[in-house]
Amino acid sequence: MSKEIWLGPLLGNNRSHLVRRCAELVSQGKSDQFLYLAASHPLLELVTEGILDGQKNAGVWGELPAYLFRGFVRRIISTTVDENGKRLAPRTPIDREELPLKRSLVSQILARLVADGQLKALAPLANREGCVNTITTLIGEIERAAKSPAEVAEIIAARSQDLAPKTSSAEPSVTTRAVHRQIDFDHEVALIYATYSQLLDHKQLTEADADSLRALSILNGELDGRAVHVPWLRNVQLLVLDGFFDFTPVQGEILRRLIPGIPEVLVNLNHDQRNAEIFLPFKDTIDHLTGIAPFKTKSLTEDLVTTRGALAGLRENLFNSSRSIPSDDEQSAAETAEDAAARQQSEIRYFECGDRDTEIRAAVKEIKRLVVREGYSLADIALVVRQKASYRDTIARVMREEALPCNLESSIEATDIPGLRAALKLFALLEESSRDGAAAAESPRLAELADLIKSEYFRPSREELAELSVRFDEEYPDVFSDDATSRYHAGESVEEKHTRLRRRYRIGVWDADALENAFAYVGSELRVNAWLDRARKLIKELPAAASTKELLNINTEDASDAEGRDPDEADQVENAETAKVDGSDAERKRRPSRDIHPAALAWASLVVRSFAGRIQAVPREGRPADLRIALMTLLEQFSFREQISRPARRSVAEDELPRALLNFNSLEVLRRAFIAAIKSIEIAAGVNSAVLSVPPATTNLATFIEEVRRALGSQSIVSSAADPRGLRVLEATDVRGLRFRAVFIAGLVEGGFPLRASRDWIYP
């Protein structure tokens with residue numbers, strides 16, 4: 001039994017020995033006697049496939065003890081028991097898509113502390129999105145540094161004493177009062193962190209970084225004042241640490257408690273004595289481990305996978321500054337030899353592309369050639385990118401267009417989904433009216449209302465359209481009574497004429513384009529009340545607008561010619577009527593319209609009044625749960641759910657199906673955002689309360705909508721699932737130690753989007 005650090009070159013076989021050792025324990029029914037920690041998810045998949053190969057080990061009873069570090073932390077917490085054998089109460093995670101609460105909770109904590117006057121330095125920035133994101137990230141960094149709120153407070157207190165101003169003046173100067181020092185910000189960050197941790201403990205909430213701190217406390221033997229332990233750790237005889245470049249402070253502290261209690265510990269690290277300089281960053285990791293326990297270092301070079309051709313000297317020469325600089329003659333001779341070799345070598349190919357689309361397409365064409373002509377399988381090939389986030393959309397689209405399966409999972413931010421973008425426009429209108437006061441609340445801008453109507457996600461229900469149609473007949477009974485409309489339909493009854501004109505001017509039906517024309521004709525820049533007033537005047541004056549007929553040389557006295565006109569031509573004449581204007585320069589000022597009729601304006605007025613009335617009826621303040629009900633009711637009145645789900649209930653074109661399903665899934669995303677907003681406000685209501693439990697307080701509608709928007713910004717939806725048999729797409733940090741016959745590396749040259757392709761070699 002020993003503790004060893006195995007140092008081996010890239011593409012060595014150290015990992016295969018470790019996997020074989022663990023597989024033997026599984027085959028003997030001793031899976032509880034080892035623990036395998038991998039540094040990345042691709043590496044964990046490789047280890048899992050090696051242990052459970054389907055032949056020697058088809059499966060394992062229970063849980064395979066191979067984890068990423070965060071999975072290991074969750075396993076510790078879920079299996080911890082106290083002195084009475086009881087497990088810890090489960091906690092609800094707030095940093096997952098099911099409940100994206102973390103940022104909203106931090107935002108509400110900031111708002112509460114500012115309202116109570118406890119934040120001075122951060123007060124001007126507390127309500128800004130950048131401040132919320134920064135504080136959220138900073139809290140995570142403090143937790144990863146293995147510092148509890150009490151430890152942070154002690155550190156800042158000690159720092160305050162060191163930085164105390166050396167002055168005898170009791171009264172600070174004006175400059176000192178106006179400018180906050182860094183220590184002031186530190187104190188407030190410590191207060192926010194302590195409040196955040198206190199709320200998590202009281203409400204039984206957690207997140208990944210907080211879990212690491214709890215796991216560290218558990219390994220110390222105490223959590224929340226209770227003695228605890230992890231029973232299954234007593235059976236572990238072998239610990240494997242594989243692929244780690246370094247450890248975060250909290251991970252290092254966890255290992256410091258874990259390693260001394262396990263008899264055999266094996267650490268697999270990369271190293272090559274022929275080019276030791278590029279592996280110097282591993283020295284800190286080795287020093288940390290040897291500081292925990294007396295590790296023995298072993299260099300293993302057997303079974304080394306060799307490279308060929310232009311890649312043969314890569315191990316010794318890559319970034320090796322210790323090599324001697326050749327003379328000019330030697331360098332010229334070497335360059336000549338290298339040029340000749342470069343012309344003959346086929347291991348490395350270099351493509352310089354103008355954009356990412358061209359770059360990925362070049363890689364795809366080469367991948368297809370390798371598969372079709374040279375017998376490669378997709379499992380032998382990897383596409384490596386510096387950052388998946390910057391390449392994800394391009395890779396997904398190009399792979400789809402080229403019909404090449406890919407294991408890359410594509411996702412879209414919730415705020416980029418068309419349906420949710422429309423909902424956010426509605427929320428922005430409500431938020432603006434809630435913040436701008438009574439004037440905006442009573443009369444929103446028509447342009448914003450028109451955006452909702454044109455989005456195709458909001459419309460009145462069938463029942464409301466029928467009701468508006470009845471109101472149209474009651475409020476505007478004479479809008480079709482002008483004589484000009486009956487001259488070319490002499491034999492038509494009044495009812496038939498009324499039905500025909502209603503159909504022509506889209507009365508009683510939902511036509512967003514016709515409504516948009518009416519909005520623009522009256523003036524979309526107006527607020528609703530002013531727009532309705534102007535529309536009312538136009539409806540009254542349009543039938544008597546003889547100026548336009550004269551302007552268009554229409555003979556209004558001779559009716560015999562009109563009777564013989566084609567109905568379409570007569571319709572154009574009728575539609576040419578506009579409001580009369582004053583003055584002799586009618587030709588210059590008038591803007592004749594062939595589309596707007598008084599009936600169309602009357603119908604648009606009813607729609608505007610209905611939409612604005614629904615929006616104005618939403619309460620501007622209330623309990624979070626009541627505001628959620630009000631917003632959901634408003635969305636229901638506007639048929640939002642029906643418009644979202646309608647394409648999914650009928651057959652749609654194949655190219656429209658992804659958008660339809662994304663919109664359909666957005667309903668669940670919106671539900672999660674409402675829940676996160678409610679919980680963040682209710683939980684933060686207990687800040688500074690002695691018992692941390694107070695009745696849900698009322699809140700402003702703008703505040704509630706802001707938290708809904710923040711929760712939406714924390715979510716995304718999978719737009720295309722990963723194909724496990726497809727091409728592997730990996731980030732550069734995830735490929736250490738993975739073997740492929742061909743590797744394509746995208747975006748490595750600064751200032752462009754080049755592509756490097758190599759064979760029988762993996763980017764280190």
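Just after helix H28, Ser639 adopts a positive phi of about 60 degrees. Helices here are DSSP runs of H or I with at least four residues, strands are runs of E with at least two, and both are numbered from the N terminus. The model is predicted, so local features need pLDDT of at least 70 and side-chain atom pairs count only at pLDDT 80 or more, whereas totals for chains, interfaces and linings use all residues. Residues are numbered from 1 along each chain as its sequence is written, and side-chain values use heavy atoms, with hydrogens and water left out.

Helix H28 itself comprises the 14 residues 624-637. The buried residues of H28 are Pro624, Leu627, Ala630, Leu631, Leu634 and Leu635, where buried means under 20% relative accessible area, exposed means over 50%, and partly exposed lies in between (1.4 Å probe, protein chains only). Viewed down the axis of H28, these buried residues fall within an arc of 135 degrees, so they line one face of the helix. The arc is that of the directions from the helix axis to the C-beta atoms.

Most residues other than glycine have a negative phi. Gln204, although not a glycine, has a positive phi of about 55 degrees; Gln204 sits in the loop between helix H8 (182-203) and strand S8 (205-206). Its relative accessibility of 30% makes Gln204 partly exposed. Arg506, likewise not a glycine, has a positive phi of about 60 degrees and belongs to the loop between helix H20 (494-504) and helix H21 (512-522). With a relative accessible area of 32%, Arg506 is partly exposed.

Ser469 lies in helix H19 (residues 462-475) and counts as buried at 13% relative accessibility. Leaving aside residues up to four places away in sequence, Ser469 touches Arg502, Gly508 and Trp603, a contact being heavy atoms within 4.5 Å.

Among the cysteines, Cys131 is buried at 11% relative accessibility, and Cys406 is buried at 12%. The structure holds zero disulfides, a disulfide being a pair of cysteine sulfur atoms within 2.5 Å.

For the protein as a whole, there are 31 helices and 22 strands, and 45% of the 764 residues count as buried. Among contacts between residues at least 6 apart in sequence, 80% join residues at least 24 apart.

Terms used. The expected span of a helix is 1.5 Å times one less than its number of residues.
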